[in-house]
Amino acid sequence: MERYHYSAQDFSTKEGARAALLRLLEPLKPFYSPGGARVELGATSTHYENGSIPMEAFARPLWGLVPFWAGGGSEPDFEDLYRRGFAHGPDPSHPEYWHTCRDYDQKFCEMAAVSYAILLTPDKVWEPLDGRKRDNLAEWLWEINRHECVASNWQWFCILTNLALKAVGRPYSRERLEFGLGRMEEYYDAGGWYHDGAGGEKDYYNPFVMVSYGLLYAMFMERERGEEARCARFRERARAFARDYLYWFAPDGASIAYGRSLTYRFAQGAFWSIALLAGEEVLPLPVMKGLIARHLAWWLNQPICDNAGVLAIGYAYPNLQMSETYNAPGSPYWALKAFAFLALPDNHPFWAAECAPLPPLERCQYLPHANMLVQHDVEQAVALAPGRLEMEPYAHTAEKYSKFAYSSRFAFSIARGNYELGQMAPDSSLCFRVGRYYYQRDVAQPGYSIGRGGIETRWSPLDGIQVTTTIQPTPTGHIRTHMIDSGYDCEAYDGGFAVNADDRLPCSRRAKGAQAEARCGADFCAVASLEGDGRGEVLIPDPNTNLIFPKTAIPMAVYRVHKGVQTIRTQVDYLA
């Protein structure tokens with residue numbers, strides 16, 4: 001199918017933004033089941049039941065359709081599909097029944113989308129149902145109160161579901177609602193940031209869920225007696241979070257690729273959109289509009305759909321390599337949360353505002369509550385991070401959280417194996433070859449330090465090697481100093497960012513002496529060994545290891561490591 005090229009201007013009017021949403025949704029129509037309650041998009045599986053996969057694909061388009069409807073949009077085919085789907089999916093006697101749940105059921109995630117629909121557009125999904133069908137839907141939603149939810153961002157799914165039941169006058173569990181809200185207070189840290197569960201990561205689940213759903217809660221509950229203070233807290237946290245989160249966005253609209261669940265793509269921008277929906281101008285309105293418009297344009301200009309026009313699992317192109325075990329064919333449609341701004345009325349000042357550029361930002365900003373330093377220039381945003389302290393059971397967790405740097409321009413690479421250096425694709429990492437295998441950092445050790453001047457972190461890639469790494473920001477990138485205490489004679493590879501190496505473009509790479517560089521158009525990364533007798537090399541890693549570019553080149557400094565203690569030092573440049 002022909003691709004449409006987007007600009008920020010496409011999202012400056014409601015008509016343009018609606019058209020963009022419908023271009024994303026239209027290709028789904030042939031895949032809805034006869035009863036409308038399931039969407040069959042592919043053959044890949046997940047860790048949860050295959051029977052839940054088509055229900056997820058039914059629910060997630062609601063994140064876009066609901067604000068489209070709430071803002072006055074109409075599309076008869078989808079209205080008919082979802083009238084039938086909500087009539088049949090919760091009906092135990094229908095072949096497309098969504099079934100009861102179990103503890104930690106994936107369908108709890110999808111109940112949040114269903115609840116969003118009930119709260120914002122009851123005229124589309126609740127009121128068309130007759131009494132028995134309403135009973136079926138309420139009974140199916142009540143399943144979330146019969147079972148355990150994951151002690152993480154999932155608690156918000158339970159909160160939102162009970163809010164929806166309450167909103168339509170059905171029994172709801174005040175106990176479960178308060179339990180979930182209590183968990184949110186336990187997970188809250190400071191400066192607007194939450195941990196994703198007790199001790200969990202601070203990543204995109206803050207804008208995906210933690211902060212954004214707090215705004216939804218405030219939107220629907222702040223007029224309830226006794227809820228004023230809690231709702232005010234959620235709003236204040238959102239305002240504080242915005243001041244930090246702004247730094248995760250580059251001038252072109254891209255965001256820093258960091259952490260898990262990145263196949264949700266432009267859900268990265270959902271926070272700005274949901275803040276507007278909740279009436280919270282966390283930044284000047286033209287700045288918020290510019291952020292949303294550039295972000296959506298950047299994403300929709302990437303080849304993120306398959307040949308049928310369906311959003312594929314991956315990041316900037318279809319790629320199962322970087323996916324999570326819970327990513328099903330319909331999972332990427334969580335991205336449609338970014339379209340919450342479509343619910344704004346036609347006369348809202350948003351539609352008349354200009355798309356403003358980013359405000360002046362610090363060249364290097366310390367975000368203490370996000371545990372990172374963020375660098376900015378005219379091309380990109382880069383996060384320097386100390387690494388995570390615990391390893392969680394998600395795919396490629398080390399690559400998603402434990403590299404030295406993460407970029408909006410270059411993203412990061414995922415290892416395919418550790419038998420060959422090309423399989424490891426060790427961008428923004430110090431990788432050791434010991435015997436037949438290659439090793440890089442998985443977790444940092446307790447006691448790291450981070451501040452405006454840089455980062456110091458201790459880690460061990462395997463038993464017998466201990467490393468203390470210092471990362472010092474510079475005007476053009478950063479300098480890494482590694483003090484290595486090794487029990488082996490081995491090699492170490494200090495990699496820069498993975499730069500596009502598409503042979504159809506004017507790309508180049510060179511290595512000479514202690515230096516190496518890769519360029520493609522205006523994008524570049526250069527490394528130089530400053531201490532430790534390193535030599536420059538450019539690695540061509542396995543294809544499809546990087547999240548943005550299918551083919552890449554990684555400039556690196558290569559060192560001989562001897563038994564005992566030694567120091568190596570590498571300069572990495574990537575900022576204009």
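Start by selecting Glu201 and Arg388: their side chains meet in a salt bridge, 3.4 Å from N to O. A salt bridge here is a side-chain nitrogen of Lys or Arg within 4 Å of a carboxyl oxygen of Asp or Glu. Glu201 lies in the loop between β2 and α10, and Arg388 in the loop between β5 (381-384) and α15 (397-401), so the pair ties together parts that are 187 residues apart in sequence. Helices (H or I, at least four residues) and strands (E, at least two) are DSSP runs, numbered from the N terminus. Glu201 is buried, with a relative accessible area of 16%, and Arg388 is buried too, at 3%. Buried means under 20% relative accessible area, exposed over 50%, and partly exposed in between (1.4 Å probe, protein chains only).

A word on what you are looking at: this is a predicted model, in which local features need pLDDT of at least 70 and side-chain atom pairs count only at pLDDT 80 or more, while totals for chains, interfaces and linings use all residues. Residues are numbered from 1 along each chain as its sequence is written, and side-chain values use heavy atoms, with hydrogens and water left out.

Next, select Asp196 and Arg260. Their side chains also form a salt bridge, at 2.9 Å from N to O. Asp196 sits in the loop between β2 (193-194) and α10 (205-221) and Arg260 in the loop between α11 and α12 (270-277), so this pair ties together parts 64 residues apart in sequence. Are these two residues buried or exposed? Both Asp196 and Arg260 are buried.

Now move to Glu178 and Arg230, whose closest N and O atoms are 3.0 Å apart in another salt bridge. This one links distant parts of the chain, with Glu178 in helix α9 (residues 174-187) and Arg230 in helix α11 (residues 228-245), 52 residues apart. Colour the two by accessibility if you like: Glu178 is partly exposed at 30% relative accessible area, whereas Arg230 counts as buried at 14%.

For a group, select Glu222, Arg235, Glu236, Arg239 and Glu280, which are linked in a network of salt bridges. How many salt bridges does a search of the whole structure find? The search finds 42.

Two strands pair if DSSP finds at least two bridges between them.

- β3 and β4 pair over four bridges, antiparallel; look for Leu367 opposite Met372 in β4.
- β4 (residues 372-376) and β5 are joined by four bridges, also antiparallel; His376 stands opposite Ala381 in β5, and a hairpin of four residues joins the two strands.
- β5 and β6 (residues 405-407) pair in the antiparallel sense over three bridges; here Ala383 stands opposite Tyr406 in β6.

While you are on β5, show its side chains. Both faces are covered: Ala381 and Ala383 on one side, and Val382 and Leu384 on the other, are all buried.

**The eight-strand sheet**

Your next selection is an open sheet of eight strands, in the order β9-β10-β11-β12-β20-β17-β16-β15, with antiparallel pairing. Its edge strands are β9 (449-451) and β15 (507-512), each pairing on one side only. Within it, six bridges join β10 (residues 454-462) to β11 (residues 465-474), which run antiparallel. Ile455 stands opposite Ile471 in β11.

**Last stop: Asp573**

Stay in this sheet and find Asp573 in strand β20 (residues 564-573).

Asp573 does have a polar partner: its side chain makes a polar contact with the side chain of Thr476, at 2.7 Å. A polar contact is a pair of N or O atoms within 3.5 Å; within protein, one must be able to donate a hydrogen and the other to accept it, and residues adjacent in sequence count only if both atoms are side-chain atoms.
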